[in-house]
Amino acid sequence: MSFNTHKTWFYNTVGRNIHLWQYVENNATDTLAGIRIQMPDEYYGRQLIYPDESITSGLRFEGTAFAEAFVDNDPNELNGNDEPTLANQTSPDEADHVNLTRMLSLAVVDYVKAMMSDGQGDIQKKEYYMREFWKKVGDDQSNKRKMFMTFPVTPFAVK
Amino acid sequence: MTVLEIMERSGMTNTTLAVAFIKDAIHLMQSQVDVHTATWKTNITDGTREYPFPANMIRLNNISIKDTNDSKYKRIRRLAHKPVVAEDTDPE
C-alpha cells in the first residue's frame with residue numbers, strides 16, 4: 001500500500017520516458033515462521049529503488065495535449081443558452097472549425113501568414129507576423145487573469 | 001473560425017498545407033501556454049521504473065502518484081540529480 005507518495009516517490013525524465021523512483025529509509029524484510037527478518041541481499045538504508053509495488057492507474061500525467069484540434073461546430077458560439085456540442089474531426093476540411101478561442105484563431109492567421117512569408121524568403125515579414133502571433137496568444141492568456149497593481153503615492157507627486 | 005476563413009484571411013490557397021500550418025501553430029501555442037490540458041493515467045508495475053510520456057502530450061505540467069491509503073493523486077517531485085543507480089538488474 002502506497003502512502004505519502006508526494007514524499008516518497010520521485011521521477012526524472014529520460015528522453016521520451018520518465019524513470020520512477022521510490023525513496024526508502026528502511027530495508028526489505030520477509031516473514032519467516034512469524035518473525036520478520038531482514039533479507040541479506042536486499043536494499044538497506046536510505047536509497048532510491050525501483051517502484052516496489054504495482055498500483056492500478058497509479059501514475060498520472062497532466063499536461064497540454066494535442067486533442068480535438070478540429071471540430072464540427074463553432075466552439076465560441078453558444079447553442080441557444082447551452083455550450084456548443086463539439087465532435088472531433090480526424091480528417092479536417094475547409095468547413096471544419098479550429099477548436100480555439102477567437103483570439104487564438106486570429107493568432108493562427110498570423111502564424112499562417114508568417115509561414116507563407118517564410119516560404120517567400122521574406123524574413124522581416126515573417127518576424128513581424130510571428131510577433132503578432134505571440135502578442136495575440138499573450139492577449140488571450142491575459143483575458144483569463146486579473147492582476148492588481150498598487151503602489152503608494154508620494155506626497156506632492158504630480159501624476 | 002473555420003479552416004476556410006483562416007485561409008481567406010491569410011491568403012492561403014492550399015488546404016492541406018493550411019491544415020498542417022494550423023496544427024503547427026497549435027503545437028507552438030501548447031508548448032508555451034495551457035490551451036487544452038489533459039490527464040493520462042497508467043498502471044505502475046512492481047519493479048519497473050520506465051514509463052513513456054503520453055503520445056499526444058505536448059508539455060508536461062506535473063506527475064502524480066496514487067496514494068492508495070487515501071485514494072488521492074499526489075504530485076511528486078523531479079530529481080535534481082540523476083541517481084547513482086544507473087540500472088538495477090534485480091529490482092525485486
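The model is predicted, and the values below are computed from it. Chain A has a radius of gyration of 28 Å, well over the 15 Å of the globule rule for 159 residues, so chain A is more spread out than a compact globule.

**Chain A: elements and dimensions**

- The secondary structure of chain A consists of three helices and eight strands, which follow one another from the N terminus in the order α-β-β-β-β-β-β-β-β-α-α.
- Taken along the principal axes, the C-alpha trace of chain A has spans of about 75 × 65 × 45 Å.

**Chain A: surface and charge**

- The accessible surface of chain A amounts to about 10300 Å², and carbon and sulfur atoms hold 50% of that area.
- Chain A carries 16 positive and 23 negative side chains, with 11 Å between the centres of the two sets.

**Chain B: elements and dimensions**

- Two helices and five strands make up the secondary structure of chain B, and their order from the N terminus is α-α-β-β-β-β-β.
- The radius of gyration of chain B is 20 Å, whereas a compact globule of 92 residues would have a value near 12 Å.
- The box filled by the C-alpha atoms of chain B, again taken along the principal axes, is roughly 60 × 30 × 25 Å.
- Of the 92 residues in chain B, 37% count as buried, while residues 24 or more positions apart supply 33% of the contacts in chain B that have a separation of 6 or more.

**Chain B: surface and charge**

- Chain B exposes about 5400 Å², of which 46% is supplied by carbon and sulfur atoms.
- There are 12 positive and 12 negative side chains in chain B, and the centres of these two sets lie 8 Å apart.

- B:M1, B:I44 and B:R49 together supply 11% of the area that chain B buries against chain A, which is more than any other three residues.
- A:F66 belongs to the loop between β6 (55–65) and β7 (70–71) of chain A, and, leaving aside its neighbours within four places in sequence, A:F66 is in contact with B:K23, B:I26, B:H27, B:N56 and B:I58.
- A:F66 counts as partly exposed because its relative accessibility is 22%, between the limits of 20% and 50%.
- A:Q141 is placed in helix α3 of chain A, which covers residues 123–142, and, with residues up to four places away in sequence not counted, A:Q141 touches B:V33 and B:D34.
- The relative accessibility of A:Q141 is 8%, under the cut-off of 20%, and A:Q141 therefore counts as buried.

- A:D110 sits in helix α2 of chain A, residues 102–119, and counts as buried because its relative accessibility of 6% is under 20%.
- When residues up to four places away in sequence are not counted, A:D110 touches A:Y129, A:E132, A:F133 and A:K136.

- B:E8 is in helix α1 of chain B, and at 62% relative accessibility, which is over 50%, B:E8 counts as exposed.
- B:G11 is found in the loop between α1 (3–10) and α2 (15–32) of chain B, where B:G11 is partly exposed with a relative accessible area of 46%.

**Separations in sequence and in space**

- B:E8 and B:T45 are 37 residues apart in sequence, and their C-alpha atoms are 51 Å apart in space.
- B:G11 and B:N56 are separated by 45 residues in sequence and by 30 Å from C-alpha to C-alpha.
- In chain A, A:F66 and A:H97 are 31 residues apart in sequence, with a C-alpha to C-alpha distance of 15 Å.

Key. Residues are numbered from 1 along each chain as its sequence is written. Chains are lettered from A and ligands numbered from 1 in the order in which they are written. This is a predicted model: local features need pLDDT of at least 70, side-chain atom pairs count only at pLDDT 80 or more; totals for chains, interfaces and linings use all residues. Side-chain values use heavy atoms; hydrogens and water are left out. Helices (H or I, at least four residues) and strands (E, at least two) are DSSP runs, numbered from the N terminus. The radius of gyration is taken over C-alpha atoms; the globule rule is 2.2 Å times the number of residues to the power 0.38. Accessible areas come from the Shrake-Rupley method with a 1.4 Å probe; for residues, only the protein chains shown count as cover. Lys and Arg count as positive and Asp and Glu as negative; His and the chain ends are not counted. The place of a charge is taken as NZ of Lys, CZ of Arg, CG of Asp or CD of Glu. Buried means under 20% relative accessible area, exposed over 50%, partly exposed in between (1.4 Å probe, protein chains only). Contact means heavy atoms within 4.5 Å. Buried area is the accessible area (1.4 Å probe) that two parts lose on being put together, summed over both.
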